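Me: I've got a model open and want a quick run through it. Can you take my questions as they come?

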Amino acid sequence: MAMDTAHRDHLLAALHGVLGAATLLLCLAAELLVFALRRHAAFYLAPVAAMLLSGHLRRRAAAAEIGLVDFACLKPPRRLRIPVAGLLEHFRLIGCFDDGSVEFMSKVIEASGMGNETYFPPSLHYIPPAATHAGAVQEAHMLFFPALDDLFARTGVPPSAVGALVVNCSGFCPAPSLAAIIASRYRMRGDVRTFNLSGMGCAAGVVGVDVARGVLLAHAVPYAVVVSAEIVTVGWYSGKDQGKLLLNCYFRTGCSAALLTSRRRGAVPVKYRLASLTRTNQIANDRSYRSGYREEDDEGVTGFTLGQGVGRMVSELLRAHLVTLSLSILPWRDKLRYALALLLLLLSSRRRRDGGGSKLARGGRGAVPLPDFRAAADHFCLPSSGRPMIWRLGQGLGLGEREMEAALMTFHRFGNQSAASLWYQLAYLEAKGRVRAGDTVWQLGVGSGLKANSLVWQRAAAGADGERDELGPWADCIHRYPVTET
C-alpha cells in the first residue's frame, strides 16, 4: 500500500512538472515567434500575460478541489463546568493570587460576556491546581479522542484512510508529539504525514488547513485531518503580573477536528468547498513580533504577556489583511466600487494637501475605507476574544449584531478555545439552521506574531429536504441562544 502511494505521488509530481515545463516552453516559443515576425512590442506581453493567467487559473482550480467533508467539536463533560462565581472563589482559595490579582480577574471576566457553563480541565479543578506535564497529557487525551471519534463516526471515513494529520496547539509540545499520540491511538497507516504546529495562537487553525491543503494537492492523499485545541493546563498562570492574568480569564477547554479531502480523490461528498485562504503577517515588524509572547515574570513564573500597543498593531495588521482578502472574495461590482472609493479619497487628500500638510489618515474616520464584506460572505466567525473586542472588530468591519452573534454566543457558552473557537462558531450557525447551500462562511483568526488568517468556505450541500445539521456541542442549549445579557 505504501509503495502504491509513493508510486502515485511520483507520477503526480512528474505530471505537474511536465505540464509546467510545457507551459513555459509554449510561452517561450510564442515570444520567439513574435520576435521573428517583427511584430509590435505590445505583442511581447501576450505570452507573458497568458502564462500568468494560466498559473492563476491553475491555482484557483486547485483551491476549488479542496473540500471539507465534516467537522466535530468537543462538548466537555458537565463535571468540568466552572461557573463564574465558582471560578472567582477558586481564585481566592488556591492561594497563589493576591487580592489585587483576584479583583483584576473578576472585573475582566464580568466585563467579557462569559457565561456560567465554560469548562476547565481536571487538573485546574484541584486546590492548588495540578499544572503538571502528566495533567497536560491527560487533558490532551480527554480533548482529542472524543472529538476524533465523533468525526470518524459522522463521516464514515476510517482512520486508516487518513493520509495527513495536522495538530495545532500553541502552548504544549510534548515528546512524542501530539500528532504522534493521535496516530498511535488510531493505528494510522505507516506512511501518514503528521505535522505538529505550536506557538501560533488563535490563527493556527487556518495554518493547519493550509498545510493540509498543500499535502492534498501535492500527494495522492485522499483525506487529511486538522485538529485544533489549546491545552489549558500548561497555559495557566499562577503569578501576579496583570498582563499575564488575561489568559486565566478568557481561555477554556475545547477541541475541534475537521476532515478535508481532495475532491478528485475523496469517495465521500463534501459539505463545504474551500473558496479562499488568505494569510498575512507582520513578523518582520519588531513591535508586532513583541506584542504577544511567553516569558517568565519577576518571580520566575511563566505566562503569556500581551504587550503594550497590541490593539493598534492588530488594527494595522487587519487593515492590510482585509485589503488583500477583499481582492479574492469580493464580487467584481464591489471591487470596482471599493477602487473608486480609494481613488476619490486619494484625490480629496491631494486637494487638501498644502506644502507639507496633512497625510492620508491611518485610523478612525479618515482611514483608508474598508469594503463591505457582507457582500462577500453570508456568515462570519470572528476571533473569540471577549465581548468588547468582538464588538469593536465587528463594528470596524461594518457588521451588525446578527453577524457577530456566533462569536458572542460561542464565547458566552464555551469561552475562548483558541483556534478551535472558529469551528464552534460554525457549529452554532449550523445548529441554528442558517447555513444553506451556496452560502459562504468567513472564518477570521488572529494570532501571535502577529498574523491574521482567513478561510472562506462555500456550502456545497444542505441536509436532505431542509433537514437541519447535527447540533454538535450545542445540542442541549441551542434553544436558549442568543442570550440577551451579553
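Predicted model: local features only at pLDDT ≥ 70, side-chain atom pairs only at ≥ 80, totals over all residues.

Me: How many helices and strands are in the protein chain?

Reply: The protein chain holds 15 helices and 11 strands.

Me: And what share of the residues is buried?

Reply: Buried residues are 49% of the 486 in the chain. The accessible surface is about 22800 Å², and 58% of that belongs to carbon and sulfur atoms.

Me: Switching to α5, what is its reach from first C-alpha to last?

Reply: Helix α5 covers residues 133-155, 23 residues, and reaches 33 Å, close to the 33 Å expected at 1.5 Å a residue. Just after α5 comes G156, with a positive phi of about 75 degrees.

Me: How many cavities of 30 Å³ or more turn up?

Reply: A search of the whole structure gives 2.

Me: Which element gives the most to the lining of the largest cavity?

Reply: β1 does, with 3 residues. β1 (66-73) and α15 (421-431) each supply at least two lining residues. The lining also includes R154, E470 and P473. By class, it has 6 nonpolar, 1 polar and 3 charged residues.

Me: What lines the second largest cavity?

Reply: The lining residues are C202, P383, S384, N416, S418, S421, L422, L444 and G445. Here α15 and β10 (440-447) are the elements giving two or more residues.

Me: How many of those are charged?

Reply: None; the lining has 4 nonpolar and 5 polar residues.

Key
Residues numbered from 1 in each chain as written. Heavy atoms only, no water. Helix = DSSP H or I, 4+ residues; strand = E, 2+ residues; numbered from the N terminus. Buried < 20%, exposed > 50% of the residue type's maximum accessible area, 1.4 Å probe, protein only. Areas by Shrake-Rupley, 256 points an atom, 1.4 Å probe, with all protein chains shown as cover. Expected span 1.5 Å × (residues − 1). 1 Å grid on protein atoms, 1.4 Å probe; cavity = no way out; pocket = protein on both sides within 12 Å on 5 of 7 lines; lining within 4 Å. Points joined across faces, edges and corners; volume = space filled by probe spheres on them. Nonpolar A, V, L, I, M, F, W, Y, C, P; charged D, E, K, R; others polar.
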